[in-house]
Amino acid sequence: MGEFSRVIGSIIGPGGDRHVAIGTRAAAATCRHKPPRGSRLYNAAHAFPEIDTPVSKLSRLERRSALTLACVISLRLFGLFLIMPVFSLYAKTMPGATGFMIGLALGVYGLGQVLLQIPLGLLSDRIGRKPAITLGLLLFALGGLIAAMSHTLTGIAIGRAVQGMGAVAGAGIALAADLTVEENRGKVMGIIGVSIGLAFLLALILGPPLEAIDGLPGLFAATSILALVSLALLWLIVPTPERARAPAAAGFGHVLAMLRDTRMLVLNGSVFFLHALLTASFVGLPLLLAHTLNLPVNRHWELYLPVMVVAALVMGASLRHMREVAQSLRVVMVCVVAIGLALLGFALSGNHLIAFGVAAAVFFSAFNLLEAALPSLVSRLAPAHLRGAAMGAYSTSQFIGAFVGGTFGGIALGRLGASGIFICAAAMTLLWLPLVMAGARRIGADIRAAAVTEAPAL
């Protein structure tokens, strides 16, 4: 779910200040000084002075900001997700199409995200959130037009890469933090997270029937239109905050340090594998549905809709088991095993639609749970002063995974066919599971050691 997450549904976790903008500073502190006379800039701290009550309601402006920013971020991601359930079917028919090029064109947006997510976050601290988000949305719209007008997979890959460079989620989440008081930030980030999850759900359901109406060029053009709609919402409805001048955004050095951190390795590695397997799966899923299960592309939603409903129910029932770090790590291990079994189910289901649907329900249920559990663990386990850098490292790992997964899936498609993609993907979970098990033991030992150290002070 790309930014998916990472941005992604994945933003929800315990504690308001644990939700950190990707590539930007951790939960940007609201400016407290008095605005110049006559200024119309909105400052959450002026409207809502410090209060003692730990829970407060969202103000009208905070609610408006949260809902509008959720639309801005999720509309862009909706455009990215919209392509995934139909892309490989369309790409197969293009002149000179190869498995490698199909996978590369699908996953290359992740490379674009890696290149510009941190620079755009740093730029937003210098020139302001809205101008940085505007630049990202214009890049996204440009990429969509390039892809829509292209008649080769190379041109589509270039357009997808440019779309990925419009990495606005970090600056968008930082803007949300600038416009809310500390005690309400968790609610606002939760609203944004839920909107991203809904964008993914709707894209899977609407992508196939929309592609049947106007083809893939029409979908790419629609993504550009959605970016321009987001731009209008940003400037017409979202308040403009006073520019925060400190602290500085997390830079490349801090992000690299978090990539090397042993406590974060299990989480960065997990999101890498998760999005690699997701992107690789979408190289093969449309082909299996159309050619093996003989389900026309305009009816793919009939499978995705009940599958995603089941996944949402599983998600709701499982959240109470993810309140503690140890519980969340156990959920992660179970989900890795479930994803491996689901991938094998895709490969072995043959033309049995019910078996395929069960595998899909297991896969997307586990995916959604990991999208919620992993970023929450990052925010809880990262050092407080490096949470922004930790989330930057996490999202970098996610986007690299999407790029590697698309390329890997394309190579497997060319050599082994659509079913071969899922056998190879299932084998990758045999590398992922030992990483999670070893990381869980290390984190558990650190937690126990910290508890022993603090015991005498109690």
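Asn294 sits in the loop that runs between helix H11 (262-292) and helix H12 (301-318). The model is a predicted one. Asn294 has a relative accessibility of 59%, so it counts as exposed, the cut-off being over 50%. Its backbone is worth a look as well. Most residues other than glycine have a negative phi. Phi of Asn294, in contrast, is near 55°, a positive value in a residue that is not glycine.

Now turn to the helices. The secondary structure of the chain consists of 15 helices and zero strands. Helix H2 covers residues 60-83, which makes 24 residues. From its first C-alpha to its last, H2 reaches 35 Å, close to the 34 Å expected at 1.5 Å a residue. Is H2 enclosed or open? Of its 24 residues, 18 are buried, so H2 is largely enclosed by the rest of the structure.

Helix H15 spans residues 387-454, and Thr429 is found in it. At 7% relative accessibility Thr429 counts as buried, because buried means under 20%. Which residues does Thr429 touch, leaving aside those up to four places away in sequence? They are Leu277, Val336, Ile339, Gly340, Leu343 and Pro434.

Leu206 lies in helix H9, residues 185-236. With 36% relative accessibility, Leu206 counts as partly exposed, because this value falls between the cut-offs of 20% and 50%. Together with Leu202, Leu210 and Ile213, Leu206 makes a nonpolar surface patch of about 360 Å². An α-helix has 3.6 residues a turn, so residues three or four places apart point the same way.

Next come the cysteines. A disulfide is a covalent bond between the sulfur atoms of two cysteines. Cys424, at 24%, counts as partly exposed.

Last, consider the chain as a whole. It has 458 residues, and 58% of them count as buried. The accessible surface of the chain comes to about 18000 Å², and 69% of that surface belongs to carbon and sulfur atoms.

Note on methods
Residues are numbered from 1 along each chain as its sequence is written. This is a predicted model: local features need pLDDT of at least 70, side-chain atom pairs count only at pLDDT 80 or more; totals for chains, interfaces and linings use all residues. Side-chain values use heavy atoms; hydrogens and water are left out. Helices (H or I, at least four residues) and strands (E, at least two) are DSSP runs, numbered from the N terminus. The expected span of a helix is 1.5 Å times one less than its number of residues. Buried means under 20% relative accessible area, exposed over 50%, partly exposed in between (1.4 Å probe, protein chains only). Patches are made of residues with over 30% relative accessible area and no salt bridge: like charges are joined within 9 Å, nonpolar side chains (Val, Leu, Ile, Met, Phe, Trp, Tyr) within 5 Å. Accessible areas come from the Shrake-Rupley method with a 1.4 Å probe; for residues, only the protein chains shown count as cover. A salt bridge is a side-chain nitrogen of Lys or Arg within 4 Å of a carboxyl oxygen of Asp or Glu. Contact means heavy atoms within 4.5 Å.
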